[in-house]
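These notebook entries record what I looked up, one topic at a time.

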Amino acid sequence: MSILAIDAGTTGVTAVVVTPDGRIAAKGYQEFAQHFPQPGWVEHSPEEIWQATIEACREVLGQVDRSELKGVGITNQRETVLLWDRETLGSPRRAIVWQDRRTADICTRLRDEGHEERVAELTGLRLDPYFSGTKLAWIAEHEPHTWALVEEGRYAVGTVDSYLVARMTRGLHHVTDVSNACRTLLMDLSTGDWSDELCSLFGVPRDALPELVPNWGELAVTDPRVFLDLSLPIAGIAGDQQSALFGQTCFDVGDSKCTYGTGSFVLTNCGTELPRSEAGLLSTAAWRSPDGELTYALEGSIFVTGAAVQWLRDGLQIVGSAAETAAIASTVPSADGVVFVPALTGLGAPHWDPHARGLIIGVTRGTTRAHLVRATLEAIAFEVRDVLETMPASLSSLRVDGGASANDLLCQVQADQVGVPVERPQLVETTALGAAFLAGLGTGVWSSTDELRETWALDRSFTPGRDRTAYDASHARWREAVERSKGWALV
């Protein structure tokens with residue numbers, strides 16, 4: 001008995017098969033294109049996401065016995081919005097990605113009209129281009145002919161998970177879960193249901209939105225005619241960060257994790273009480289069980305971390321791969337006063353400035369690529385510290401995952417900055433693992449979260465160093481640089 005888990009990320013799709021002991025038996029991956037039609041705009045082709053999904057799954061299925069598969073779990077990049085024809089499943093336009101900043105003016109307008117306080121009360125979010133609702137409002141304003149077909153019921157609206165379910169079931173199901181829905185600005189966080197008030201504010205017809213289903217259970221069934229000859233229950237769905245929280249077995253109140261991906265996301269389990277933050281954190285739904293119980297989390301969303309390393313590789317071409325950054329950065333004892341603020345798509349938590357832009361400061365004639373690479377790794381750790389310092393509860397440890405968690409230097413710098421041990425599990429593919437765990441609960445592969453907790457295994461714990469004065473001084477210097485990066489797009 002195994003689970004096929006699909007992790008539809010921002011730059012590619014990973015498919016894994018997870019066994020009952022929590023081991024990844026096989027893995028496939030397929031990248032897809034990033035489209036940047038204008039500065040600040042980021043788009044994906046829905047068809048390319050689907051084809052990447054098929055190819056990643058085909059690769060992984062060639063490594064396992066299909067008859068052992070019990071179900072499918074899906075996790076996905078959140079906040080990205082797609083439209084598709086309910087009958088043909090073709091998309092009339094590219095998806096607007098979570099990183100896209102084109103709706104900054106819409107956010108400003110809604111804020112000036114006095115809506116932000118009410119939106120925050122209902123959703124736990126803020127008016128920022130990050131979230132889906134303003135992206136849909138932008139389509140309605142700028143592409144009225146397309147939007148007319150949404151209002152007529154021909155086009156469905158959804159996030160990546162609901163699009164994949166539609167494709168995998170030949171359009172039979174239009175569903176999503178609370179962890180994705182709560183990021184749209186259209187869901188009432190206290191009820192776990194779509195809000196007529198919010199749909200009206202953003203001009204989104206409620207009938208175009210997916211049905212809200214639990215995070216695990218038999219939610220839909222794949223159609224073998226379109227999904228690699230597989231007829232399997234889709235039994236688990238969650239947005240990537242909540243899925244990683246689940247995959248890290250953070251089931252108790254106060255358990256926290258940080259996922260280093262394209263961006264970095266710090267989540268703390270807050271239990272069944274809806275949390276509120278005055279410090280720039282987001283209140284979010286973590287998951288909903290089949291009996292209807294909602295678990296909440298506080299989240300700090302950092303937009304650019306791994307993407308900054310990609311920029312070093314692809315934009316500046318000063319590293320050949322992300323894997324070599326630790327070795328390059330380790331050739332110097334410090335960044336030698338160089339600070340990099342990777343506000344390449346604005347700043348997320350806890351600053352929330354869509355007009356901030358990237359900044360490199362402290363450069364001298366003696367600055368080398370090693371200093372810049374080290375400053376990039378330090379920036380990731382600084383950004384995570386900024387978020388953790390706004391969390392209401394003190395940490396005893398921080399569980400980390402995602403691609404960059406394999407970087408020992410980053411993990412050590414992170415431990416030094418946050419002052420608690422940083423724990424890296426043996427399996428850092430915890431986003432996909434969380435989707436597998438959810439689908440496994442939904443199909444009986446695992447009977448309880450206690451059983452899932454037993455599958456978690458430590459790879460390495462990084463203990464913070466003792467020079468707190470130096471760590472705090474470097475962080476203070478970072479905060480000064482952050483202030484200088486703010487509002488730059490308005491200058």
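I first noted that two strands pair if DSSP finds at least two bridges between them. Helices (H or I, at least four residues) and strands (E, at least two) are DSSP runs, numbered from the N terminus.

I recorded that this is a predicted model, in which local features need pLDDT of at least 70, side-chain atom pairs count only at pLDDT 80 or more, and totals for chains, interfaces and linings use all residues. Residues are numbered from 1 along each chain as its sequence is written, and side-chain values use heavy atoms, with hydrogens and water left out.

Entry 1. I looked up strand E6 (residues 82-85) and found that E6 pairs with E8 in the antiparallel sense, over four bridges. Val-157 in E8 is the bridge partner of Leu-83.

Entry 2. I then checked the side chains of strand E8 (residues 155-158). In a regular strand the side chains alternate between the two faces of the sheet. Here Tyr-155 and Val-157 point one way, Ala-156 and Gly-158 the other, and all are buried (under 20% relative accessible area; exposed is over 50%, partly exposed in between; 1.4 Å probe, protein chains only).

Entry 3. I examined helix H4 (residues 132-142), where eight of the 11 residues are buried. Among them are Lys-135 and Trp-138. The cover over the buried residues of H4 includes E6, E8 and helix H5 (144-151), where contact means heavy atoms within 4.5 Å.

Entry 4. I turned to an open sheet of seven strands with mixed pairing, in the order E17-E18-E16-E15-E21-E22-E23. Strand E17 (282-288) and strand E23 (458-462) are its edges, each pairing on one side only.
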